[in-house]
Amino acid sequence: MATSLPCAEQQELARPATMPLQTRDSNGPLLSNIAYAERQISTPSRDQYTLGWIAALPLELAAAIAMLDHRHEKPPDFAQSSSDKNSYTWGRIGDHNIVISSLAAGVYGKVSAATTAMQMLSSFPHIRVGLMVGIGAAVPRPEQGRDIRLGDIIVSQPDGQSGGVVQYDLGKAKEGEDFQRKGILNMPPEALLKALANLQAQHEIQPSIVPDLLKDMIKRHPHMARSKPGKPGYVYQGRENDRLFNALYPHAGGFECNNCNSEEMIAREDRDSDEPEIHYGVIASGDMLVKDATIRDRIIQNAGDECICLEMEAAGLMNGFPCLVVRGVCDYADSHKNDRWQRYAAAVAAAYAKEFLVILPGEEVEKSEKAAEIVGRLDHS
Ligand SMILES: [Zn+2]
């Protein structure tokens, strides 16, 4: 069930929502109009943006923006070329000046992702590393101990065989599509993989700060917690709304799974917390929106049983935008899938990306090769 905040708390939290993010300076307090001109001067220049963040859906873009420590104005020296159709948001998390873009509304999939990335790298040539952050489907195998739930986080990680993303429909790729000429998809840059190892080690010692970041996001943007009919908020949606059915049992129709037979549900161990778990592994990426458990399982059979996630954009990026892929789990790619968990899943993915960026040292990014140069080399190899 989507939560709604108690009335008093809503009033308490409502105030920050009226403060546009653009009016905060680097220390958080509001700026007066007098200070505004000063802040304009300190806006980073185009070439100080070294990290690109790509979202696919508008709700993923919203989660990304809501996670920024500070939102920036357009860089004063940035003039968007007419060939660049992206729409950008600029801001800062930790050490990093970040440029965010989402795919054109209603146009998804790897080609759209590749085009967005290409235009971003051409407009911001100093970008060195990237993040693809959004929602995806989990491929759970509870009987094998792979217990992934809705609202969990999946992060691409190379496994020796792949760079962390497998393109499952490469054989069907159409001619003329960029970034899929190579059969082997690239690995994320070393700076990202080092930070990933550090974050994994940190999580052995202390818990992830994702739950705190989610609470902070709602505190700063209480509107995001609100549910409207057919539009649940960016908050946890309840265990009772997370149902994993046997692959051979199709959705019975009707609203969500109200008509589906609960005896066909796969029993899973109770968790002692509803906070997101983080899973590292290989992501299977292709253009098909999968809504059928038998098709899902066939794809995984071909792509490799180590794949823990299905999504639609990453395969368009790995060779054109060296990046880490972070996915919040919104469904199981079966006929029971619905949109209920999408906003919360987008929020958990963005929160993980933020935790990751806080641990990623700015100087490591600065030392990395420019993404556009890596791509240029791949294109000519
Ligand atoms: Zn169902």
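## Helices α5 and α8

Helix α5 (residues 190–205) meets helix α8 (residues 342–359): their axes cross at roughly 105° and come within 9 Å. Angles of 65 to 115 degrees count as roughly perpendicular, so α5 and α8 are roughly perpendicular to each other. On the α5 side, the contact is made by A195, N198, L199 and Q202. Helix α8 supplies E355, F356 and I359. By class, the contact of α5 with α8 has four nonpolar residues, two polar and one charged.

This geometry comes from a predicted model.

Strand β9 spans residues 307–311. It is mostly covered, with five of its five residues buried.

Two strands pair with β9. Strand β5 (residues 129–138) pairs with β9 in the antiparallel sense, over two bridges. Here A137 stands opposite L310 of β9. Strand β8 (residues 278–285) runs parallel to β9, and four bridges join them. One of the residues involved is S285, whose bridge partner in β9 is E311.

In a regular strand, side chains alternate between the two faces of the sheet.

## The protein overall

The protein has 10 helices and 10 strands. Of its 381 residues, 43% are buried.

Definitions and conventions. Residues numbered from 1 in each chain as written. Predicted model: local features only at pLDDT ≥ 70, side-chain atom pairs only at ≥ 80, totals over all residues. Buried ≥ 20, exposed ≤ 12 C-beta atoms within 10 Å, placed from the backbone. Axes fitted to C-alpha atoms, helices over the stretch in contact; angles between N-to-C directions. Parallel < 35°, antiparallel > 145°, perpendicular 65-115°, else oblique. Contact = placed C-beta atoms within 7 Å. Nonpolar A, V, L, I, M, F, W, Y, C, P; charged D, E, K, R; others polar. Pairing = 2+ DSSP bridges.
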